[in-house]
Amino acid sequence: MVGRDRILGAMKRRLGVVQRGGKGENLVLIGPRGNGKTVLCRELEREADHLGVRVVTLTGGEIESTDRLIDTLTQPGLLQKWGIASVEGQLLGVGGGVKFARRRDGALVDVLGGLAQGTGLVITVDEAHESRPDAVRALLNAAQIVSNAHPLLVTLAGTPALDRRLGEWSATFIERSIFERVGGISRRDVERGLVEPLAQRRPPIQMTGGALKEIVSDCAGYPYFLQKWGAEIEALGAEVVGEAELKTAKRAVMASRTTYYGRRWQEMMRAGVVGAAEALATHGLGETELSLREVETVLEAHVTALGIGWDGVDCARDILADMGFLWDEAGQGTAFRAGIPSLAKYLLAQRGSVGEAGLRNRLARTIKQWREEH
């Protein structure tokens, strides 16, 4: 959570409102993969539990239907933990468990209201961009109704795709939410995130200035890589980490990173935009920030070379932004940087591994799907 003091402060303020029985604003955490959104959700849950506020932890994959969502919210284990025998008017005891007598439109509202009453309720949804639209819309709309009468805080976390999808799911939820963009951290915070935890080990682990400088430079502000470095350095079992120890840890870090890059590359391949990503990397993304105009100029040249029309630019830009490869740090839509800075170098190394026909066919298929969605 290093470098997240402002976001942590915002989370705790909203939790305080819920604890006091007030009506707080919801929270949306948006950022590329590997920037710590899940860790922030876990910290919010831990703090809520400490304050005596009920907590429900969900992932987007669990929100695939209203019925399944209700089943998750009314697990016997949860109700027993909170000392709730039933949710008013909706639950029947069946064989020691809890079961809905019938599913009606107001059932989800009743359940959320029953859980939020008294102590307040915090719901976190990680990977929220993967939720089924109808089910998550039902959750968000029900939460808005319940929050008018009971203390309830909903926190959604996901890739930048969540930003666009929320507009399709619930305009009301957006108006009552605070958006926090979770991007990279400063070099100073990378250093703190490595040095301070290692110093708390028993015995403490120290790093030479040269080793620390190399790691800080290598991470480039990306928290996921900081986490990997910290784990490998701890695994060495050395009390002082210098050049030799760093070399040993680096082999493991780089092997893990290559696998991680490969997953991101495959993700872009499946989405049909790996060629567009390579074009942007060639133009300097990863080394510098690109304006919207520069991004569209690069993508226009790419789709034109493949014989694809202008809407290929909009399609590729939207998908790469949804993934966080193109990261809009300010949230203004006018300038972009790389969500994972060093991924650009990997893409350049892979360039040419897919032929022009493969790039064209994949992007054309993606554009067809994109048109239907829009």
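The model is predicted: local features need pLDDT of at least 70, side-chain atom pairs count only at pLDDT 80 or more, and totals for chains, interfaces and linings use all residues. Residues are numbered from 1 along each chain as its sequence is written, and side-chain values use heavy atoms, with hydrogens and water left out.

Start with the sheet. Three strands make an open, antiparallel sheet, ordered β10-β12-β11. β10 (290-291) and β11 (326-327) are the edges; each has a single partner strand, so one side of each lacks a neighbour in the sheet. Strands here are DSSP E runs of at least two residues, helices are H or I runs of at least four, and both are numbered from the N terminus. Two strands pair if DSSP finds at least two bridges between them. β11 and β12 (residues 335-338) are joined by 2 bridges. Leu326 sits opposite Ala338 in β12.

Now the cores. A nonpolar core is a set of buried Ala, Val, Leu, Ile, Met, Phe, Trp, Tyr and Cys residues joined through side-chain atoms within 4.5 Å. Buried means under 20% relative accessible area, with a 1.4 Å probe and protein chains only. The largest core has 62 residues. Helix α12 (residues 243-270) gives the most to this core, 8 residues. Leu280 is among the residues with the most contacts inside it. Beyond neighbours within four places in sequence, Leu280 is in contact (heavy atoms within 4.5 Å) with residues including Leu320, Phe325 and Leu326.

Last, cysteines. Cys219 is buried at 1%, and Cys315 is buried at 0%. The whole structure has 0 disulfides, meaning cysteine sulfur pairs within 2.5 Å.

Notes
Buried means under 20% relative accessible area, exposed over 50%, partly exposed in between (1.4 Å probe, protein chains only).
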